[in-house]
Amino acid sequence: MTDSTTAVPAPRQHDTREMILFGGVYGSVLACSMVAALTQYGHTSQDSRLYDAAWLLVTAAASALAHGYAHYIAERAPHRRGDALRVLADEWPLVTAVLPTVLVLAGAGWGWWPADDVEYAAFALNIVLLFTLGLVTARWSHRSWPVAVAIGAVDALLGVVVVVANAVIK
(Lines give C-alpha, C1' and ligand atoms only; values in the text may rest on other atoms or scores of the structure.)
Protein backbone atom coordinates (compact mmCIF):
# COMPACT_ATOMS: atom_id res chain seq x y z
CA MET A 1 0.00 0.00 0.00
CA THR A 2 1.09 3.53 -0.60
CA ASP A 3 1.54 6.03 2.15
CA SER A 4 -1.36 8.50 1.99
CA THR A 5 0.27 10.97 4.37
CA THR A 6 2.82 12.28 1.90
CA ALA A 7 2.81 16.03 1.60
CA VAL A 8 1.49 17.62 -1.55
CA PRO A 9 4.26 19.67 -3.16
CA ALA A 10 3.60 23.38 -3.27
CA PRO A 11 3.05 24.88 -6.73
CA ARG A 12 6.21 26.25 -8.29
CA GLN A 13 6.67 29.88 -7.35
CA HIS A 14 7.76 32.18 -10.15
CA ASP A 15 10.73 34.43 -9.56
CA THR A 16 9.87 38.14 -9.78
CA ARG A 17 12.57 38.70 -12.41
CA GLU A 18 11.23 35.80 -14.45
CA MET A 19 7.71 37.26 -14.23
CA ILE A 20 8.94 40.70 -15.30
CA LEU A 21 10.79 39.30 -18.31
CA PHE A 22 7.97 37.02 -19.38
CA GLY A 23 5.20 39.54 -18.80
CA GLY A 24 7.22 42.41 -20.23
CA VAL A 25 8.12 40.59 -23.42
CA TYR A 26 4.63 39.17 -23.81
CA GLY A 27 3.03 42.56 -23.14
CA SER A 28 5.35 44.46 -25.48
CA VAL A 29 4.82 42.01 -28.34
CA LEU A 30 1.08 42.08 -27.62
CA ALA A 31 1.14 45.89 -27.77
CA CYS A 32 2.98 45.85 -31.12
CA SER A 33 0.55 43.31 -32.52
CA MET A 34 -2.52 45.16 -31.32
CA VAL A 35 -1.28 48.50 -32.66
CA ALA A 36 -0.61 46.84 -36.01
CA ALA A 37 -4.05 45.23 -36.05
CA LEU A 38 -5.96 48.29 -34.88
CA THR A 39 -4.31 50.67 -37.33
CA GLN A 40 -4.53 48.32 -40.30
CA TYR A 41 -7.33 50.27 -41.97
CA GLY A 42 -5.72 53.69 -41.67
CA HIS A 43 -8.06 55.21 -39.09
CA THR A 44 -5.99 58.02 -37.61
CA SER A 45 -8.53 60.32 -35.96
CA GLN A 46 -8.23 61.27 -32.32
CA ASP A 47 -11.34 59.24 -31.51
CA SER A 48 -9.92 56.14 -33.16
CA ARG A 49 -6.69 56.48 -31.15
CA LEU A 50 -8.68 56.59 -27.90
CA TYR A 51 -10.56 53.51 -29.11
CA ASP A 52 -7.24 51.81 -29.88
CA ALA A 53 -5.88 52.64 -26.41
CA ALA A 54 -9.00 51.23 -24.74
CA TRP A 55 -8.89 48.03 -26.79
CA LEU A 56 -5.22 47.53 -26.05
CA LEU A 57 -5.88 47.83 -22.33
CA VAL A 58 -8.86 45.45 -22.48
CA THR A 59 -6.86 42.93 -24.53
CA ALA A 60 -3.93 43.05 -22.10
CA ALA A 61 -6.23 42.52 -19.12
CA ALA A 62 -7.98 39.62 -20.86
CA SER A 63 -4.64 38.08 -21.84
CA ALA A 64 -3.36 38.39 -18.27
CA LEU A 65 -6.52 36.77 -16.90
CA ALA A 66 -6.36 33.95 -19.45
CA HIS A 67 -2.68 33.34 -18.81
CA GLY A 68 -3.09 33.38 -15.03
CA TYR A 69 -6.08 31.06 -15.22
CA ALA A 70 -4.16 28.68 -17.49
CA HIS A 71 -1.32 28.54 -14.95
CA TYR A 72 -3.81 27.92 -12.16
CA ILE A 73 -5.56 24.98 -13.80
CA ALA A 74 -2.38 23.53 -15.35
CA GLU A 75 -0.74 22.99 -11.97
CA ARG A 76 -3.11 20.06 -11.25
CA ALA A 77 -2.38 20.27 -7.58
CA PRO A 78 -4.58 20.95 -4.62
CA HIS A 79 -4.93 24.67 -4.11
CA ARG A 80 -5.27 26.71 -0.98
CA ARG A 81 -7.76 29.50 -0.54
CA GLY A 82 -6.55 32.59 -2.38
CA ASP A 83 -4.19 30.76 -4.76
CA ALA A 84 -6.27 31.80 -7.78
CA LEU A 85 -5.98 35.47 -6.86
CA ARG A 86 -2.24 35.14 -6.27
CA VAL A 87 -1.77 33.51 -9.68
CA LEU A 88 -3.78 36.26 -11.36
CA ALA A 89 -1.85 38.94 -9.48
CA ASP A 90 1.39 37.45 -10.81
CA GLU A 91 0.37 38.62 -14.29
CA TRP A 92 0.83 42.33 -13.48
CA PRO A 93 3.99 42.69 -15.66
CA LEU A 94 1.99 41.83 -18.79
CA VAL A 95 -0.52 44.61 -18.19
CA THR A 96 2.18 47.03 -17.06
CA ALA A 97 4.16 46.42 -20.26
CA VAL A 98 1.31 47.71 -22.45
CA LEU A 99 0.77 50.91 -20.44
CA PRO A 100 3.41 53.00 -22.31
CA THR A 101 1.72 52.13 -25.60
CA VAL A 102 -1.70 52.87 -24.12
CA LEU A 103 -0.32 56.28 -23.08
CA VAL A 104 1.07 56.95 -26.57
CA LEU A 105 -2.26 56.07 -28.20
CA ALA A 106 -4.34 57.91 -25.60
CA GLY A 107 -2.04 60.95 -25.85
CA ALA A 108 -2.73 61.07 -29.58
CA GLY A 109 -6.43 60.74 -28.82
CA TRP A 110 -6.29 63.62 -26.34
CA GLY A 111 -4.46 65.81 -28.84
CA TRP A 112 -1.09 65.85 -27.07
CA TRP A 113 0.55 64.96 -30.40
CA PRO A 114 -0.68 64.22 -33.91
CA ALA A 115 -2.81 61.11 -34.26
CA ASP A 116 -1.36 60.38 -37.72
CA ASP A 117 1.35 57.71 -37.80
CA VAL A 118 1.53 57.40 -34.00
CA GLU A 119 1.78 53.66 -34.50
CA TYR A 120 5.39 54.09 -35.62
CA ALA A 121 6.24 55.76 -32.32
CA ALA A 122 4.44 52.92 -30.52
CA PHE A 123 6.41 50.32 -32.51
CA ALA A 124 9.70 52.07 -31.74
CA LEU A 125 8.82 52.37 -28.06
CA ASN A 126 8.01 48.66 -27.80
CA ILE A 127 11.16 47.62 -29.64
CA VAL A 128 13.20 49.70 -27.19
CA LEU A 129 11.28 48.16 -24.27
CA LEU A 130 11.93 44.66 -25.59
CA PHE A 131 15.63 45.37 -25.97
CA THR A 132 15.82 46.88 -22.48
CA LEU A 133 13.96 43.98 -20.88
CA GLY A 134 16.30 41.47 -22.49
CA LEU A 135 19.40 43.45 -21.54
CA VAL A 136 18.38 44.11 -17.94
CA THR A 137 17.22 40.58 -17.18
CA ALA A 138 20.36 39.13 -18.73
CA ARG A 139 22.46 41.40 -16.53
CA TRP A 140 20.35 40.37 -13.50
CA SER A 141 21.36 36.81 -14.37
CA HIS A 142 25.02 37.87 -14.30
CA ARG A 143 25.50 37.43 -18.04
CA SER A 144 28.37 39.30 -19.65
CA TRP A 145 27.64 42.58 -21.42
CA PRO A 146 28.07 41.11 -24.93
CA VAL A 147 25.69 38.25 -24.10
CA ALA A 148 23.22 40.66 -22.48
CA VAL A 149 23.24 42.91 -25.56
CA ALA A 150 22.70 39.86 -27.78
CA ILE A 151 19.74 38.73 -25.66
CA GLY A 152 18.31 42.26 -25.79
CA ALA A 153 18.73 42.27 -29.56
CA VAL A 154 16.90 38.94 -29.90
CA ASP A 155 14.05 40.28 -27.75
CA ALA A 156 13.91 43.45 -29.87
CA LEU A 157 13.81 41.27 -32.96
CA LEU A 158 10.41 40.00 -31.83
CA GLY A 159 9.06 43.54 -32.11
CA VAL A 160 10.79 44.07 -35.45
CA VAL A 161 9.11 40.92 -36.79
CA VAL A 162 5.70 42.37 -35.90
CA VAL A 163 6.57 45.69 -37.54
CA VAL A 164 7.82 43.98 -40.72
CA ALA A 165 4.77 41.72 -40.81
CA ASN A 166 2.56 44.80 -40.47
CA ALA A 167 4.35 46.51 -43.36
CA VAL A 168 4.09 43.39 -45.57
CA ILE A 169 0.41 42.83 -44.76
CA LYS A 170 -0.51 46.46 -45.48
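**Entry 1. Terms and model**

I take helices as DSSP runs of H or I with at least four residues, and strands as DSSP runs of E with at least two, numbered from the N terminus. The model I am reading is predicted, so that local features need pLDDT of at least 70 and side-chain atom pairs count only at pLDDT 80 or more, while totals for chains, interfaces and linings use all residues. Residues are numbered from 1 along each chain as its sequence is written, and side-chain values use heavy atoms, with hydrogens and water left out.

**Entry 2. Arg49**

I looked up Arg49 and found it in helix 2, which covers residues 46–74. Is Arg49 buried or exposed? For this I use relative accessible area: buried is under 20%, exposed is over 50%, and partly exposed lies in between, with a 1.4 Å probe and protein chains only. Arg49 has a relative accessible area of 0% and therefore counts as buried.

I next listed its contacts, where contact means heavy atoms within 4.5 Å. Leaving out residues up to four places away in sequence, Arg49 touches Thr39, His43, Thr44, Leu105, Ala106, Ala108, Gly109, Ala115, Asp117, Val118 and Glu119.

**Entry 3. Salt bridges**

How many salt bridges does a search of the whole structure find? It finds two. The criterion is a side-chain nitrogen of Lys or Arg within 4 Å of a carboxyl oxygen of Asp or Glu.

I noted a salt bridge between the side chains of Asp52 and Arg49, at 3.5 Å from N to O. Both residues lie in helix 2, three residues apart, which is about one turn of the helix. An α-helix has 3.6 residues a turn, so residues three or four places apart point the same way. Asp52 counts as buried because its relative accessibility is 3%.

I also noted a salt bridge between the side chains of Glu119 and Arg49, at 2.8 Å from N to O. This pair links distant parts of the chain, with Glu119 in helix 5 and Arg49 in helix 2, 70 residues apart. Salt bridges with shared partners join Arg49, Asp52 and Glu119 into one network. Glu119 and Arg49 are both buried.

**Entry 4. Helix 5**

I checked the length of helix 5, residues 118–140. The expected span is 1.5 Å times one less than the number of residues. For the 23 residues of helix 5 this should give 33 Å, and the end C-alpha atoms are 33 Å apart, so the two agree.

Which residues of helix 5 are buried? They are Val118, Glu119, Ala122, Phe123, Asn126, Leu130, Leu133, Gly134, Leu135, Thr137 and Ala138. Their cover includes helix 1 (16–38), helix 2, helix 4 (92–109) and helix 6 (145–169). Just after helix 5, I found that His142 takes a positive phi of about 65°.

**Entry 5. Aromatic pairs**

I counted rings of Phe, Tyr and Trp (its six-membered ring) as paired if their centres lie within 6.5 Å; planes under 30 degrees apart are stacked, over 60 edge-to-face, and the rest tilted. The structure holds five aromatic pairs.

The rings of Phe22 and Tyr26 have centres 5.8 Å apart and planes at 35°, so this pair is tilted. Phe22 and Tyr26 are four residues apart in helix 1, about one helical turn. Phe22 is partly exposed at 38% relative accessibility, and Tyr26 is partly exposed at 34%.

The rings of Tyr120 and Phe123 have centres 6.3 Å apart and planes at 70°, so this pair is edge-to-face. Tyr120 and Phe123 are three residues apart in helix 5, about one helical turn. Tyr120 is partly exposed at 47% relative accessibility, whereas Phe123 is buried at 3%. I also recorded that ring pairs link Trp110, Trp112 and Trp113 into a cluster.

I looked up Cys32 and found it in helix 1. Cys32 counts as buried because its relative accessibility is 0%. Not counting residues up to four places away in sequence, Cys32 touches Phe123, Asn126, Gly159 and Val162. The C-alpha atoms of Cys32 and Glu18 are separated by 21 Å, the two residues being 14 residues apart along the chain.

Ser28 also has its place in helix 1. Ser28 is buried, with a relative accessible area of 1%. Which residues is Ser28 in contact with, leaving aside its neighbours within four places in sequence? They are Ala97, Asn126, Leu129, Leu130 and Leu133.
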